[in-house]
Amino acid sequence: MQQFTLIAALLCLVYVSSGSANVRSQPGVCRYGRRLECCYGWKKNGEGQCEAQCTPGCKHGECVGPNKCKCFTGYTGKTCHQDLNECGLKPRPCEHRCMNTYGSYMCYCLNGFMLMPDGSCANSRTCSLAHCQYGCEEVQGEIRCLCPSSGLQLGADERTCVDIDECVTGKNLCPYNRQCINTFGSYLCKCQNGYDLKFVAGKYDCVAVPEAPARPAIPDPERIKNLIPEPAATEAPRGRQQPFDYEGEVYIGSEEEQRELLPEEEEEEEEEEEGGEENNQLGPRGDVFVPEFESLYGPSTEIQEIPLKPVQEEFILDCNFDQGACEWVQDKSDDNDWSVAYHERGDQYYMAMSGLLGNDRDVSRLKLLLSDRAQQGSFCLTFDFRVAGEAVGTLRVLLDANGYAVWEQSYSRAQGWQTEQLTVAWKEEAPESIIFEARRGSGVGGEIGLDNVVLTSGSCQVDDDEALF
């Protein structure tokens, strides 16, 4: 009998353990006493399985737990509604330049390099001769320029990329109740005026914004202040009162006094009549005539309007080569191109002109295209440079292609890196680009390097004896 009791206890223990194992293997299932139900934050679906609930939902991902989203590649945020900027990650996914797109990214190389399948850039002299704006690729032995986004296409020259207006061509995927906004290389879907983007019925949609109730009209204080009061009536002038004599009659003077007063009164009346005629001639409308006079404080001052320049927006533009936000272009009319060189620590690179390539007096130009923000007013140009090697050449800075160098240097201290600051200002038309020109010298070996280019609004903090240009 004891053996049967022991066997029954073992079977019961095995059943309980197997049930617990099944509970642990099914996500979202919890035991409430002897009942198995979905845990808090989980709900049974049509197949009878417990499914996690996320509010307001996962836009670009899947719900893996109560209010916990697992985002698809290229998206981030609590509800996976934000684009992930892969170009800002470390390590960077691209070797040279990276352009972020909605939900993804594109790699492209500097001029003179070819984009490889793994995102790296390989040196290609053939690609360098093609002068592509965003790099190129080799397809069946033929070099073809690339554009870093599906919203860009090759221009007529088959080298530069031009924007495709998806809002005009109809290639956008905006719903009927959203407005298409074109951007460079892509587009945005924005709610129409009077609508706001909200999460409704398990999805994001444009919902009409209720109109605010009309407020009662408030009287304009300026209008009340400028009201013209009604003119007050002027009393009629009173006649001249004559004194009474002591006998109760009006005293008008003796005949001799009247004769003496009459000529003076007549002369005053004649003068008044002549003055009235003159006033009528000078001012037919009864205006008061004021003769010209000179001010006690000197001649009158002419009031002139002084045009005020708009306040310049403060900015700091990082134009570094490996992670900057500026646009660099290799000049197509020069002799050689700048090449990529890595620092000794190996994690960052800079642009350089090698003293082993080219001939004496060969020129390599690298253009920094200025944005609208930089063209609003003067700014401070900061950059690091080095001229290493005997008679390796000269580094010059020019504004546009005018041939006039605003800065020039043919050596650096101890052939190491130095930092230079230049205030860029102009009187009339703003420059469109800053050109860094490296002119090859007669020496063999060494290099001319350029790195850490930064644009800052306003003038540089320089000494008083340094001239601005």
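**Reading strand pairing and burial**

Strand S31 (residues 447-457) is mostly covered, with 8 of its 11 residues buried (under 20% relative accessible area, with exposed over 50% and partly exposed in between; 1.4 Å probe, protein chains only). The model is predicted: local features need pLDDT of at least 70, side-chain atom pairs count only at pLDDT 80 or more, and totals for chains, interfaces and linings use all residues. Residues are numbered from 1 along each chain as its sequence is written, and side-chain values use heavy atoms, leaving out hydrogens and water.

User: Which strands pair with S31 in the antiparallel sense?

Analyst: Strands of a sheet pair through backbone hydrogen bonds, either parallel or antiparallel. Here a strand is a DSSP run (E, at least two residues), numbered from the N terminus, and two strands pair if DSSP finds at least two bridges between them. Strand S26 (residues 379-388) runs antiparallel to S31 and is joined to it by 9 bridges; Asp 384 has Asp 451 as its partner.

User: In what order do the 5 strands of the open sheet stand?

Analyst: The order is S22-S25-S30-S27-S28, with antiparallel pairing. Strands S22 (327-330) and S28 (405-409) are at the edges with a single partner strand each, so one side of each is left without a neighbour in the sheet.

User: Is Arg 396 buried or exposed?

Analyst: Arg 396 lies in strand S27 (residues 393-399) and counts as buried because its relative accessibility is 13%. Beyond its neighbours within four places in sequence, its contacts (heavy atoms within 4.5 Å) include Trp 407, Glu 408 and Glu 437.

Conventions: Helices (H or I, at least four residues) and strands (E, at least two) are DSSP runs, numbered from the N terminus.
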